[in-house]
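The following report describes selected features of one protein model. Please examine the sequence and the structure before reading on.

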Amino acid sequence: MKVLPNPPGKKIPQRIAVGDHNGVLTCFQIKRNEIEVHFKTLPGAKIERMELGGAIGSLREKIFVASNSEVRGFTKKGKQFLMFETNLSDSIKSMLVWGADLHITGQYIYNMYSNCQDAHFYLSCDKINDMIGIPGEGNELLPVLGCQDRVLRVLSGSELLYEAEVPGAPEALALFDVMSGFGHNNLLYGTRDGIIGLCTINKDNPCHRWEIANSNGLGGITAIDTFDINNDGVSELIVARDDGSVEVYTIAEGQPKLLTSKNISESITSIGAGLITSTSNPDVVVSTYPGHIVSLTTESKPHTNTNVISPSTKHKIEDLKTEIEDLKRQVLQEREKYQKSAGSDSAISAVVKFHVNDKFILNPGDANYLLSIEIQMPIENVLLQCDVPIDLLDVERNSAVVSHSACDPDDKNYLLATYRCQANTTRLDVKVRSIEGQYGTLQVYITPRIQPKTCQLRQYQIKPLSLHRRTHIIDGDRPMNMLKLTGKFSLGEVHSWVGYCIPEVPDKCPPGDSVVMYFQSTFLDTQLECNYTQGIVEFRSDNISTISILKDVITKLATQRKIALDITYEMKDESIPHSLRLIHPKLDEQLLLAKKVQLIDALKELSMHETNLDFLSPEYQDILVNSEQLQAAFKLQPCHLERLYGMITDLYIDKFKFKGMNVKSKVPLLLEVLDNYELESLVDFFEVSCVS
């Protein structure tokens, strides 16, 4: 969806262009609260991307749409003036029109065409999520690719100028216009995990200005725009998220400040702003995944008597009632036809196809996965089945009722849960907590509320190191354990092994003879370095359990392909107390929580008999005030403690496994130490066990 600009100096309702999955491009305008359609194209291939273009320096009011590998151009009146087949091997994912230049990207490939002639080409190391252009000197344009590996790649022609690291995978890019008080080379980015940032892009190097963390756990960023919403001469930042949130930020003294927010409960696909329903007050307009166009006005509506209905409104209501009755009759006729055909011997049952908008991403804030399922019709139920141990956590905005069925782990069935959704629910969010070292497949069966009954299956891989995510910087001063594997394997084979073990590894092997990647644990903040080439792979980590998991999994994968491996490793003894100290704050917090909850009942009884509680210490008064939050957190504590105890136990077993010792018989002694937890006594236990 795009909002077409008005000619300079004219304040008239702006046109809106919308492209849909049926390949239909519609351009309409709101006049006197009525929708006036200017043109509508015939159905065709799904419209993947829409952009506005025009001659450099003129009004950008021409509409360009991309379907598969084809680009078409339309005037604002609907006349088609361009049909260009790019011959791209995959569908166009993002597009940019700059004068007579057309910039497009596929999953990994960037192409630039000048007057429909191939001019520049670039192959990215990871998937390209979005693209934007930074105006340079004269008519020069610097394309910026937002890539899955948390990098902005700045190009000049076919050459890579430099890479700018960002805190998450950039999903949406936009320019912060000059009215915002910044220069024309300032780039806004929104990440998959909900972070917003501003970065200045020059030819030589980037400069990060500010960053808005996703502290409230909102959805990922799907679209960004800027517009002067409050008519103060300075553009505001407008952000759309995949959980239906719309946020408007004002820029005060160079820093963003939240002005207002609204949630429309549907995943937003694009956002814009302009004079939509009024010629004086700007609106924010969004398109949603189920196919709705929603306008949010900034105009303050006067309070009116809702019982008084104007004649025009009455006429609209009567027309709507007539239309609804016609639709009901059509539905009844089709239902009767279906019932008759269903009883026939020659009838063939047809499976209803429906599109699923889903994602399964790691939230670095709480080291859990967020599973989001959204379809364009009401969901009846969602069934989850997994062959490895995982925990399902509640999400506040989730209104579905969950029921768990008994499972037999001997049959590799650790989870069987059903979410029954309320009427008209089109979206379901579930948090999933995994355990590193336990890997398998999470299967999700989605059943919509339609006839005949049908469902779709979605599968998500729980990887061995599922809580690790990609990073670009590691601390070289940490004690690093090393694992080296050599054998007769290709670079592509070892890349597939690494991708099997760790999330956020590109599907395709990056170009070159060797690959170096860095990862960080979202739960413990330990780090992992992967360095591999043909015949050699080396892993370095400050967590011995990470090394142990990689050794076990890759050895198994190599054995399946009948590839012999030579294994060498080097363990740093000082890495063990280092890992325990990283676990300590989380474990200490959970044990302190248990102590506070034990005091709640006694303190509440005391408060019933005493009118003045000033004699209590500030700590006890705080426990009384926050008793409900503490008890809610305590309900989840068994899961948290079990997770932490499991990590410490694995660390204990893995340490001595690399020394050729089996210490599983001493695990009960370790648990006794944890029951009377002190960091130094735990470190001493690891050391004493080594000596004995």
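## A residue and its surroundings

Asp130 touches Arg49, Ser94, Val144, Leu145, Gly146, Glu171, Ala172 and Leu173, leaving aside residues up to four places away in sequence; contact means heavy atoms within 4.5 Å. The model is predicted: local features need pLDDT of at least 70, side-chain atom pairs count only at pLDDT 80 or more, and totals for chains, interfaces and linings use all residues. Residues are numbered from 1 along each chain as its sequence is written, and side-chain values use heavy atoms, with hydrogens and water left out.

Asp130 belongs to strand 13 (residues 128-135). Helices (H or I, at least four residues) and strands (E, at least two) are DSSP runs, numbered from the N terminus. Asp130 counts as buried because its relative accessibility is 5%; buried means under 20% relative accessible area, exposed over 50% and partly exposed in between, with a 1.4 Å probe and protein chains only. The side chains of Asp130 and Arg49 are joined by a polar contact of 2.9 Å. Such a contact is a pair of N or O atoms within 3.5 Å; within protein, one must be able to donate a hydrogen and the other to accept it, and residues adjacent in sequence count only if both atoms are side-chain atoms. The side chain of Asp130 also reaches the backbone nitrogen of Leu173, at 2.9 Å.

## Paired strands

Two strands pair if DSSP finds at least two bridges between them.

| Strand | Partner strand | Bridges |
|---|---|---|
| Strand 29 (residues 368-375) | Strand 34 (residues 427-433) | Six |
| Strand 30 | Strand 35 (residues 440-448) | Seven |
| Strand 30 | Strand 33 (residues 415-420) | Six |

Strand 30 (residues 379-386) is mostly covered, as six of its eight residues are buried. Leu383 has Tyr445 in strand 35 as its bridge partner, and Cys386 stands opposite Leu415 in strand 33.

An open sheet is formed by four strands in the order 28-29-34-31, with antiparallel pairing. Strand 28 (356-363) and strand 31 (391-393) stand at the edges with a single partner strand each, so one side of each has no neighbour in the sheet. Within the pair of strands 29 and 34, Ser372 stands opposite Asp429 in strand 34.

## Two packed helices

Helix 4 (residues 575-609) and helix 5 (residues 618-625) are therefore roughly perpendicular to each other, a term for angles of 65 to 115 degrees. The contact involves residues including Leu599 and Leu603 of helix 4 and Tyr620 of helix 5.

Definitions and conventions:
Axes fitted to C-alpha atoms, helices over the stretch in contact; angles between N-to-C directions. Parallel < 35°, antiparallel > 145°, perpendicular 65-115°, else oblique.
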